[in-house]
Amino acid sequence: MLPKYTVEYATRFRKHAQTNHYSTDDPVACEEFVEELLERGYAIHAIRHEGLDLPAGEFDRLVKKAAGLLASKHICASLGLKPEEEKYRFGFTA
């Protein structure tokens, strides 16, 4: 049985890069994992849903959502805000 979501990514080292895969059936866990990849600067090669590459629009929406989560966390940590206040003031989703 294929997992619902698979993310193909690579760690960046000076001379070597290794492609890795992360799989989950939970769309929220997939978004959170993409958020972690963005935070660490890892290369995202593909995001698949049930074995098929996500269409460009859906791929972009997932990455944008993950970037919003990351921005929200950083704003809350830097400014000492609660997620509700951050959303009201800056509009990112926590």
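1. Buried means under 20% relative accessible area, exposed over 50%, and partly exposed in between (1.4 Å probe, protein chains only). By this scale D53 is exposed, at 51% relative accessibility.

2. The model is predicted: local features need pLDDT of at least 70, side-chain atom pairs count only at pLDDT 80 or more, and totals for chains, interfaces and linings use all residues. Residues are numbered from 1 along each chain as its sequence is written, and side-chain values use heavy atoms, with hydrogens and water left out.

3. The whole structure holds 5 salt bridges (a side-chain nitrogen of Lys or Arg within 4 Å of a carboxyl oxygen of Asp or Glu). One of them joins E8 and R48, at 3.2 Å from N to O. E8 belongs to strand 1 (residues 5–12) and R48 to strand 3 (residues 43–49), so the pair ties together parts 40 residues apart in sequence. Strands (E, at least two residues) and helices (H or I, at least four) are DSSP runs, numbered from the N terminus.

4. R48 also bridges to D53, with the closest N and O atoms 3.0 Å apart. E8 is buried at 18% relative accessibility, while R48 is partly exposed at 22%.

5. Another salt bridge, between R40 and E36, has an N to O distance of 2.4 Å. These two residues of helix 1 are 4 residues apart, about one helical turn.

6. Strands 1 and 2 pair in the antiparallel sense over 8 bridges; pairing requires at least two DSSP bridges between the strands. They form a hairpin with 4 residues between them, and Y9 has N20 of strand 2 as its bridge partner.
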